[in-house]
Amino acid sequence: MSEDMQNLFDSSTVPAPRGALTDRIMAAAATQTPLPAANDRKPWLWSAAAGVAATLVAGFFVLSSQPSEAELWAAQADAAGFGELYAWVDAEID
Amino acid sequence: MSDPDSDLIPDLLAGDERALRTLMDRRLASVHRLAYRLLGDEFDAEDVCQDTFLKFWRAAPGWRTGDARILTWLCRVATNGCYDRLRKSKPDLPGDMSEQVDRRDGADMRLESRQRWDALQTAMMDLPERQRAALSLRYDDAVSQKDAAQILGIGEKAYEALLVRGRKALKALMQETEHV
């Protein structure tokens, strides 16, 4: 069947495109600006932006992981054996 | 993956229009054959060719060697362009096709071969568009199974199945007109 098909297509070939088509495309191409390559889009800008973003994210995590002043006082109080007393200071008074 | 058009890539990357012309000298006929078979209209086929090569021209600076052959890329873009056109408008009925062929320079087809051409193109236009594309890639341009599957965006097995169904359907349609 495959050979029959090949013969069929060979005997009914599509005509070649008209010669003017190439010129038409060339004329249109002359007015088109090629797109910049994906790896040619100011890579230094992207790396600088990525660096700033990374610094901001890291700073956020460092700050959020720092103990607060109250936690520091509590730790000091625990270390000095006055944890309960310090808890009393912090407790709400009715 | 070796690309027979790889010699043009440096000049295409540099935006050298002569390289584009050379590429068209090599590949325009193949892309046009595929588009013509899919659309059944030479003018629409030419428009698809123009869109395809211009898209390539604009994208050429970002071309990554080794991802695909240039011809495969062109055929894939052309095929999708044809599908879009087919969805937007009904294809011409095949009754007009002999006129289209007659308009060509040197198209002195004998009556018998013209009827054969009409019958094949009529039958092709009755097939689902993906079967049409599969048959054209295989029989008009002898595109390899791997490349044809890539052009159609399917696996090789699926392409093979598409081809089998297309052959069967086309033969049945051609038998109706007694051309096979």
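The buried residues of α6(B) are B:Trp117, B:Asp118, B:Ala119, B:Leu120, B:Gln121, B:Ala123, B:Met124 and B:Met125, in what is a predicted model. This helix, α6(B), counts 16 residues and spans 22 Å between its first and last C-alpha, close to the 22 Å expected at 1.5 Å a residue.

Chain B as a whole contains 9 helices and 0 strands, and buried residues account for 40% of its 180 residues. Among its contacts between residues at least 6 apart in sequence, 68% link residues at least 24 apart.

The largest nonpolar core comprises 53 residues, and those with the most contacts inside it are B:Val31, B:Ala35, B:Cys49, B:Leu74, B:Ala78 and B:Ala134. To this core α2(B) gives the most, namely 11 residues. Once neighbours within four places in sequence are left aside, B:Val31 is in contact with B:Cys49, B:Thr52, B:Leu74, B:Cys75 and B:Ala78.

Between the two chains, 34 residues of chain B are in contact with 26 residues of chain A. On the side of chain B that touches chain A, at least two residues each come from α2 (17-39), α3 (42-59), α6 (111-126), α7 (129-140) and α9 (156-176) of chain B, and α2(B) gives the most, with 10 residues. The composition of that side of chain B, by class, is as follows.

| Class, side of chain B touching chain A | Number |
|---|---|
| Nonpolar | 18 residues |
| Polar | 5 residues |

Definitions and conventions: Residues are numbered from 1 along each chain as its sequence is written. Chains are lettered from A and ligands numbered from 1 in the order in which they are written. This is a predicted model: local features need pLDDT of at least 70, side-chain atom pairs count only at pLDDT 80 or more; totals for chains, interfaces and linings use all residues. Two residues are in contact if their C-beta atoms, placed from the backbone, lie within 7 Å. Helices (H or I, at least four residues) and strands (E, at least two) are DSSP runs, numbered from the N terminus. Ala, Val, Leu, Ile, Met, Phe, Trp, Tyr, Cys and Pro count as nonpolar, Asp, Glu, Lys and Arg as charged, and the others, Gly among them, as polar. The expected span of a helix is 1.5 Å times one less than its number of residues. A residue is buried if 20 or more other C-beta atoms lie within 10 Å of its own, exposed if 12 or fewer, and partly exposed in between; C-beta atoms are placed from the backbone. A nonpolar core is a set of buried Ala, Val, Leu, Ile, Met, Phe, Trp, Tyr and Cys residues joined through C-beta atoms within 7 Å.
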